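Reader: I would like to go through some of the labels used for this model and the values behind them. Please set each value against its cut-off.

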Amino acid sequence: MLNRDDQIAHEMFQEIQSPDQPRQKVLDSPHLHRLQRMHFFLFDVLPIIGTVCAVVLLFFHPVSVVDITLFAVMWILTGLGVSVGYHRLFTHRSFKTTSVVRALFGIFGSMAGQGGVISWTAMHRRHHELGDQDGDLHSPNLHGSGLVGKLKGFVHAHFTWMVAHPYPNVVHYAPDLLKDPVIIWVNRHYYTWIVLGLLAPTLIGALVTQTWMGAVTGFLWGGMVRMFVVEQGIFSLNSLCHLIGRRRFVTDDQSTNISWLAPFIFGESWHHNHHAFPGSASFGLAWYRIDPGYWVICMLSLLGQAWDVKVPTREQISRREIRAS
Ligand SMILES: [Zn+2]
Ligand SMILES: [Zn+2]
């Protein structure tokens, strides 16, 4: 039913859970931490090494139009997979769509290598539940005060939380996804989608250039560098968008908006707006704020492929605004 890592966590929950106790929300286990470290090395550390290799290779072999195109196409597909699919659709259910579109967003999101869709959703829902309080998996604000505390918090929120974090109970946090056969199918093949996302640019690079070098640079730019760039963008939400930037609404967390980041992460960096209105498909909350993820949802809606798109009214927005008294 679930992918291998989720299945192992799921079985552990079943083992420790007794029917007359309240449902356990998270599970900490050395075995799960071992799996997390392996995942971290394969899909977070290797893309960094791959990116360094791609940059060093530039001194011997100029980057080609094919490589740049592969990077751009894969960056947009997998970035939207995370922003529109994993985040706005599966976690927050801010719009509805067809099974085919759900599957495609799930597959492209999986290719980003940030975890299977069900566990990603469970972790992110827990983040919203406990924003910047004890139990938030990746808050940068729980590591002491002063510059040192903030720096420690930044490193934790951006990177090291992934090495050993409590695993959220998917039965508690994502029961809706566990009932969706499309999501179960996408989630079960999580590792297949990652491999496909690396294989596709490699093969296209080889076929278009008819060289082995084309395969290598296709893999590096369309696979490794692309994965690195999408990851750094999404990790910035956990770190920078809870540390620096502007606030506009009354919220229980310390989330912030960072406008200049918005074009690079599909509008996700209106993160404070998003914490204030988590169910909204729009993160910018106004037409003039760059929010490509929302523009894609609007386009799907125009094509009849998205409906019940949720956006707060002007009155709801102004009611939440911080006012200087
Ligand atoms: Zn947040
Ligand atoms: Zn969210």
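Reader: Why is Pro62 called exposed?
Author: In this predicted model, Pro62 has a relative accessibility of 63%. Exposed requires over 50%, so Pro62 counts as exposed. Pro62 lies in the loop between helix H2 (30–57) and helix H3 (65–91). Its C-alpha atom is 15 Å from that of Val52, 10 residues away along the chain.

Reader: What makes Val55 partly exposed?
Author: Val55 has a relative accessible area of 42%. Buried means under 20% and exposed over 50%; the value for Val55 falls in between, so the residue is partly exposed. Val55 is in helix H2.

Reader: Which residues form the nonpolar patch on the surface?
Author: The patch consists of Val52, Val55, Val56, Leu58, Phe59, Phe60, Val63 and Ile68, with about 790 Å² of accessible area together. Membership needs over 30% relative accessible area, and Val55 has 42%. H2 gives the most to the patch, with three residues.

Reader: Where is the confidence lowest, and where is it highest?
Author: Helix H1 (residues 4–16) has the lowest, at a mean of 67, and helix H13 (residues 292–302) the highest, at 98. The protein averages a pLDDT of 92, and 93% of the residues score at least 70.

Key
Residues numbered from 1 in each chain as written. Chains lettered and ligands numbered in written order. Predicted model: local features only at pLDDT ≥ 70, side-chain atom pairs only at ≥ 80, totals over all residues. Heavy atoms only, no water. Helix = DSSP H or I, 4+ residues; strand = E, 2+ residues; numbered from the N terminus. Buried < 20%, exposed > 50% of the residue type's maximum accessible area, 1.4 Å probe, protein only. pLDDT = per-residue confidence, 0-100. Patch = residues over 30% accessible without salt bridge, like charges linked within 9 Å, V, L, I, M, F, W, Y side chains within 5 Å. Areas by Shrake-Rupley, 256 points an atom, 1.4 Å probe, with all protein chains shown as cover. Salt bridge = Lys/Arg side-chain N within 4 Å of Asp/Glu carboxyl O.
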